[in-house]
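Dear colleague,

Please find below the structure that I am handing over to you. My notes on it follow directly after.

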Amino acid sequence: MSDFDLYHWSVPFRGQFIRGILAYAEASWTEYDSCEIGELMGRHPSGQPVPFMVPPVLVDNANGFSIAQTPAIALYLGEKLDLLPPSLEMRAQSVKVVNDANDVLDEITLDGGRQMWTGEKWSEFMPRLRRWMEIWEATGHAGGLTPWLAQVLIARTGAATAPGIMIAAVALCVLPILAAMRDVSEGG
Ligand SMILES: N[C@@H](CCC(=O)N[C@@H](CS)C(=O)NCC(=O)O)C(=O)O
């Protein structure tokens, strides 16, 4: 038997957040098709594993505990699989990130596909999407995320200064080439 059962549609919506957490923690889980999900949704709330409106729903097979609502599932898995940071502040940040992700998903799918995008609506949404991307970028930087190549260099060399040294070395090699190049611009 898998560690968990996950009820979510086979589309990369909220279930993807939960799949990501499970995969990161190397937990095993079983998913169910839309008929089985529909059957669960159609039950009276008192007969559901946890009273819920829509998926995702997670069942912990170790203790039979079931939970719905993405932020609650993420919190449960974070605690259970020991993925959350130790301080209260960082734990609150973690829950905030899940709620941000949930909000972006609602906005970018126009509330789960309840409306269709038009060119006009998309243009109106652009500044908001840009703002969301800035929020993610700032969150990543604040959490210590660095570009991929810099991470690889630091991991391989063990030196936090390695990316800076590499950039300086590349600049030193490229500068003489640039300086020696003939100016071929008009009038040059
Ligand atoms: N607040 C819920 C929202 C769940 C939700 O909107 N689920 C979507 C899929 S990602 C769904 O199944 N929607 C179908 C519906 O609203 O009828 C959560 O965060 O888990």
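Asn 61 is partly exposed, because 14 other C-beta atoms lie within 10 Å of its own. On this scale a residue is buried if 20 or more other C-beta atoms lie within 10 Å of its own, exposed if 12 or fewer, and partly exposed in between, with C-beta atoms placed from the backbone. Please note that this is a predicted model, in which local features need pLDDT of at least 70 and side-chain atom pairs count only at pLDDT 80 or more, while totals for chains, interfaces and linings use all residues. Residues are numbered from 1 along each chain as its sequence is written.

Asn 61 is found in the loop between strand S3 (57–60) and strand S4 (65–68). Helices (H or I, at least four residues) and strands (E, at least two) are DSSP runs, numbered from the N terminus. Leaving aside residues up to four places away in sequence, Asn 61 touches Met 1, Ser 2, Asp 3, Phe 4 and Asp 5; two residues are in contact if their C-beta atoms, placed from the backbone, lie within 7 Å. Between Asn 61 and Cys 35 there are 26 residues in sequence and 21 Å in space, C-alpha to C-alpha.

The strands S3 and S4 belong to an open sheet of 4 strands in the order S2-S1-S3-S4, with mixed pairing. Strands of a sheet pair through backbone hydrogen bonds, either parallel or antiparallel. Two strands count as paired if DSSP finds at least two bridges between them. Strand S2 (29–31) and S4 stand at the edges with a single partner strand each, so one side of each has no neighbour in the sheet. Strand S1 (residues 4–7) pairs with S3 in the antiparallel sense over 4 bridges, and Phe 4 stands opposite Asp 60 in S3.

Pro 56 lies in the loop between helix H2 (34–42) and S3, and the peptide bond from Pro 55 to Pro 56 is cis, with omega near 15°. Glu 26, in the loop between H1 and S2, has a phi near 55°, a positive value in a residue other than glycine. Glu 26 is exposed, because 8 other C-beta atoms lie within 10 Å. Asp 82, in the loop between H3 and helix H4 (88–108), has a phi near 60°, again positive in a residue other than glycine. Asp 82 is exposed, with 8 other C-beta atoms within 10 Å.

Which residues surround the ligand? They are Phe 13, Arg 14, Val 54, Pro 55, Pro 56, Gln 69, Thr 70, Asn 102 and Gly 112; a residue is near a molecule if its C-beta atom, placed from the backbone, lies within 6 Å of it. This shell divides into 4 nonpolar, 4 polar and 1 charged. Ala, Val, Leu, Ile, Met, Phe, Trp, Tyr, Cys and Pro count as nonpolar, Asp, Glu, Lys and Arg as charged, and the others, Gly among them, as polar.

Finally, the chain is assigned domain 1 (4–80), domain 2 (88–142) and domain 3 (148–180), with bounds from an automatic or database domain assignment. The centres of domain 1 and domain 2, taken over C-alpha atoms, are separated by 22 Å. Their contact takes 8 residues from domain 1 and 8 residues from domain 2. On the side of domain 1 that touches domain 2, helix H1 (14–24) and helix H3 (70–80) are the elements that give two or more residues. The largest share of that side, 5 residues, comes from H3.

With kind regards
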